[in-house]
Amino acid sequence: MAIPLQIRAQAAAAQLLFWLPRPVRRLIAGAPLRLDGQELALDAQLLLRLQKLSGASLVNGSVERSRALLEASQHLVNGKRIDPVATRDVAIPSGDTSLDATLYTPAGLPEPSPLLVFFHGGGWVIGSRATHDNAARYLAKHAGVRVLSVEYRLAPECPFPGPMEDALAAFDYAHAKAADLGADPDRIAVGGDSAGGNLSAVVALEATRRGGPAPAFQLLIYPAVDFTTRRRSRELFGEDLFLTDEAMVWFEGHYAPEGVDKADPRMSPLLASDHSGLPPAYIVTAGFDPLRDEGEAYAEKLRAAGVPVAVSRQADLIHGFLNFAGVGTRFREAIAEMAGALRVGLAKQS
């Protein structure tokens, strides 16, 4: 799809702003923001300042409007398309429906290769393969893996457990069709950001508990893992830091309407009675993120169950940074780190 001229111009202006001399960027961003012993990265604070000046927000009115605005605004922060990465469309059966997916293959990658089954963020309500296209490209190219990015069904049209069932079906498809996808069936990971991190954790849990094929690795990027508890980070960082408490309530209301048991481990994997035997996990949190503490609590739960787990708190960043690679340098540094972790996590064991 061609990017409208106005959007291209806005994207260019936003990116140029991040290349201004540091004193000028600091003047625009304002005094350093310090909370909970952390200082927000200048790149992140400048991005938030631009968001405030433009009046943009993650949730904006109706579901349809919020989806449309996210799709339109992705080009402002995602950056130039990452190549050379080949793509092809894939159809994944899930119950009585079929899910669209995109297979990303970096140039020169031999078969069979590791594969990441990727679930985009967006609170189970907004977001798509398109909004996370460059994120998938980046992980494919820099981790040296194929990436299968899945268009799972969204709430409120398809609330819990629909997206979770789609995610599990996508993993099963990837394992069953590994040869067709150019993948090594023993090196298939699940991963995603925010809501996608939740779905990835649930897939790992459900696949392990039922027996049979299970992911080899989990890449959980600032995941939501517990709908039942308000932790300290939600109180500290729930206003004016991209993902707000108000937005979280809005997302939750659509994904888990009245009558849904929010303690169900398929929604809140932190509350599962047994985490033993789960695949190794790399859990990324952001210091200025309402979800920070529950992601780190999940890491502790896995560690206590004997699961190999590494936690990377990007203490100076905000929720959503996976999609901000097109502005500044600090976001790209954090994304590069998780790509490296994915590469190592799926390295073939001799």
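**Close-up views of a predicted model**

View 1. Within β4, alanine 101 is the bridge partner of valine 90. This is a predicted model, in which local features need pLDDT of at least 70 and side-chain atom pairs count only at pLDDT 80 or more, while totals for chains, interfaces and linings use all residues. Residues are numbered from 1 along each chain as its sequence is written, and side-chain values use heavy atoms, with hydrogens and water left out. Strand β3 (residues 85-94) and β4 run antiparallel and are joined by 10 bridges, where two strands pair if DSSP finds at least two bridges between them; helices (H or I, at least four residues) and strands (E, at least two) are DSSP runs, numbered from the N terminus. In the hairpin of β3 and β4, two residues lie between the strands, and glycine 95 takes a positive phi near 60 degrees. Strand β6 (residues 146-150) is also antiparallel to β4, with four bridges joining them, and in β6 the bridge partner of alanine 101 is valine 150. Seven of the 10 residues of β4 (residues 97-106) are buried, buried meaning under 20% relative accessible area, exposed over 50% and partly exposed in between, with a 1.4 Å probe and protein chains only.

View 2. Because eight of its 11 residues are buried, α5 is largely enclosed by the rest of the structure. These buried residues are Asn134, Ala135, Ala136, Arg137, Tyr138, Leu139, Ala140 and Ala143, and what covers them includes β3, β4, β5, β6, β8 and α12 (330-345). Just after α5, glycine 144 takes a positive phi of about 70 degrees.

**View 3. Threonine 131 in the loop between β5 and α5.** Threonine 131 lies in the loop that links β5 (113-119) and α5 (133-143), and is buried, with a relative accessible area of 2%. Not counting residues up to four places away in sequence, threonine 131 touches Leu70, Glu71, Gln74, Asn78 and Asn323, contact meaning heavy atoms within 4.5 Å.

View 4. Strand β8 (residues 217-221) runs parallel to β9 and is joined to it by four bridges, with tyrosine 282 of β9 as the bridge partner of leucine 219. Strand β10 (residues 309-318) pairs with β9 in the parallel sense over seven bridges, and in β10 the bridge partner of valine 284 is serine 312. From β9 the chain crosses through helix α11 (residues 292-304) to β10 in a right-handed β-α-β crossover, right-handed meaning that, with the strands pointing away from the viewer, the path from the first strand over the helix to the second runs clockwise.

**View 5. Alanine 183 in strand β7.** Alanine 183 is found in β7 (residues 183-193) and is buried, with a relative accessible area of 4%. Leaving aside neighbours within four places in sequence, alanine 183 is in contact with Pro112, Ser113, Leu115 and Ala178. Alanine 183 and phenylalanine 217 are 34 residues apart in sequence and, C-alpha to C-alpha, 14 Å apart in space.
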